[in-house]
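Biologist: I'm new to this one. Can you put it on screen and walk me through it?

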Amino acid sequence: MPLMEPYRIKVVEPIPILTAQQRAEALARAGYNPFNLRADEVTIDLLSDSGTGAFSAAQQAAAALGDESYAGARSWFRFHEVVSDLTGFPHIYPVHQGRGAERILFGALLRPGQVSLSNTHFDTTRANVELLGCQARDLPCPQAKDLDSQYPFKGDLDLDAARAALAEEPGRVGMVIVTITNNGGGGQPVSMANLRAARELCREFGVPLVLDAARFAENAWLVTQREPGYESHSPTEVAKEAFGLADAAVASLKKDGISPMGAFLAVRDRELADRCELVLIATEGFRTYGGLAGHELDRLAQGLREVLEPDYLRSRAATTAYLAQLANDGGVDVVQPPGIHALYLNAGRLLPHIPPGRFPGHALASQLYLEGGIRCAELGSLYLGTLDEHHELVTPAPYELVRLALPRRVYTQSHYEYVAEVLAGIAKRPESVPGYRLTHSPALLRHFNCRLEPVS
Ligand SMILES: *Cc1c(COP(=O)(O)O)cnc(C)c1O
């Protein structure tokens, strides 16, 4: 079947179209940092897939039924029913967003000095582990290092490395957290075989297995497409099986909840649940709303149903693969095989004349804005490298990538064809793209707040 969005549009938002001169002025004013642009200066916004999805009519209708009672609202019971059916966990809490769920769960699970093992900790996940005086250790599978290979499950946890870490210092590892899909690792999926093996490993060493399930539906879809034995499973069946393997789960619902805000925390053990609940009530809200409004809970419940529809997931995966194909045709390599929520462009390879210290990923992201009003984020040495006191690069990142995140149900095929055209235009004369130098760099969370200037 040809690529086609399985929905039609009944509410629209105009897209800002700027002149090249206006874009150049806007980016200069933003200190050449796309995070500092105003949204009304952006034509196609691929900065994040978090909280940026479009509502369905059914979600809006559900929100109209929102019950804003302080405790025991009808909305809570509707949200609980969907999450309980999906995850099978006996204890479920709504939380305002994923990082809130992380803070509560990790605080109840980890003791200072312990280690958390993961296929890759997402940045807030890492921060919440480290804030507790613990160490976050990333153990991606070795196949993830080859950006060009077609290995289907580059999101997998390195089981040998995890076993070694668990055996090395008994009691030191406080949890194993598997991120599905592996957002920090190129949005690559985790296989069910890997999750099952992680389950066995955790059982053997008596360590809890936690799922960071922000993209549980997208991971489930890729399992049905890539893992032998799962061809005839529905995404819902795969997702249920994944949750069934874990002792606890945190899920930001700004992604696969197709809503601007929300998350859940789910745990199996009663005593652990009690400890989480105390902190939830003290810092988020009562256990039946957890920092969310009733109408938000209803919209989330409906979003969680829609996100598992095969037609939706098939179209979303096909869109990302189509954009990857167009980028390739235009002469730009991407991390293979393409996942779902984002496409990662290999800027280091496209712009070999720009050394890592002049940030090729950032250069490509800036050029996409200057030439097409496209906003996206660098994932390379600007984000991950270490700098000296003069803002010069000391240790580069392993790769110089640019992430094009695809908001859910927001842009159509023609928007992505436009993005590919702008990209191909840049790829025709890559040597005209300048590098960048940092002029201001805060000590923490550099990529959000830094300022740069082009170097000719
Ligand atoms: C977004 C995200 C989080 C954090 O969730 P927020 O809702 O943004 O706080 C945690 N883990 C992963 C994998 C994510 O993608």
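Biologist: Which residues are exposed on the other side of α6?
Modeller: D160 and E168 are exposed there. Exposed means over 50% relative accessible area, buried means under 20%, and partly exposed is in between (1.4 Å probe, protein chains only). A word on the source: this is a predicted model, where local features need pLDDT of at least 70, side-chain atom pairs count only at pLDDT 80 or more, and totals for chains, interfaces and linings use all residues. Residues are numbered from 1 along each chain as its sequence is written, and side-chain values use heavy atoms, with hydrogens and water left out.

Biologist: And which residues of α6 are buried?
Modeller: A162, A165 and L166 are the buried residues of α6, which spans residues 159-168. Seen down the axis, they fall within an arc of 95°, so they line one face of the helix. The arc is that of the directions from the helix axis to the C-beta atoms. Helices (H or I, at least four residues) and strands (E, at least two) are DSSP runs, numbered from the N terminus.

Biologist: What covers those buried residues of α6?
Modeller: The cover includes β3 (115-118), β4 (135-138), β5 (173-179) and α7 (192-205). Contact here means heavy atoms within 4.5 Å.

Biologist: What happens at the start of α6?
Modeller: A side-chain oxygen of D158 reaches to within 3.2 Å of the backbone nitrogen of D160. A polar contact is a pair of N or O atoms within 3.5 Å; within protein, one must be able to donate a hydrogen and the other to accept it, and residues adjacent in sequence count only if both atoms are side-chain atoms.

Biologist: Now the ligand. Which residues come nearest?
Modeller: Of the 15 residues around the ligand, G98, R99, D212, S252 and K255 come nearest. A residue is near if one of its heavy atoms lies within 4 Å.

Biologist: Which helix gives the most to the shell?
Modeller: That is α4, with 3 residues. α4 (98-109) and α5 (123-131) each supply at least two.

Biologist: What about polar atoms around the ligand?
Modeller: A nitrogen atom of the ligand is 2.7 Å from an N or O atom in the side chain of D212. A polar side-chain atom of R215 lies 2.9 Å from an oxygen atom of the ligand. For N183, a side-chain N or O atom is 3.1 Å from a ligand oxygen. The protein covers 98% of the 380 Å² of accessible area that the ligand has on its own. Those areas come from the Shrake-Rupley method with a 1.4 Å probe; for residues, only the protein chains shown count as cover.

Biologist: New topic. Is T224 buried or exposed?
Modeller: At 7% relative accessibility, T224 counts as buried. T224 is found in helix α8 (residues 216-226). Its side chain reaches the backbone oxygen of W221 at 2.6 Å.

Biologist: What else does T224 contact, leaving aside neighbours within four places in sequence?
Modeller: T224 is then in contact with Y230, E231, H233, S234, P235 and V238.

Biologist: Last one. Where is S432 found?
Modeller: S432 is in the loop between α16 (413-428) and β15 (435-440). S432 is partly exposed, with a relative accessible area of 41%. A polar atom of its side chain lies 2.7 Å from the backbone oxygen of R429.
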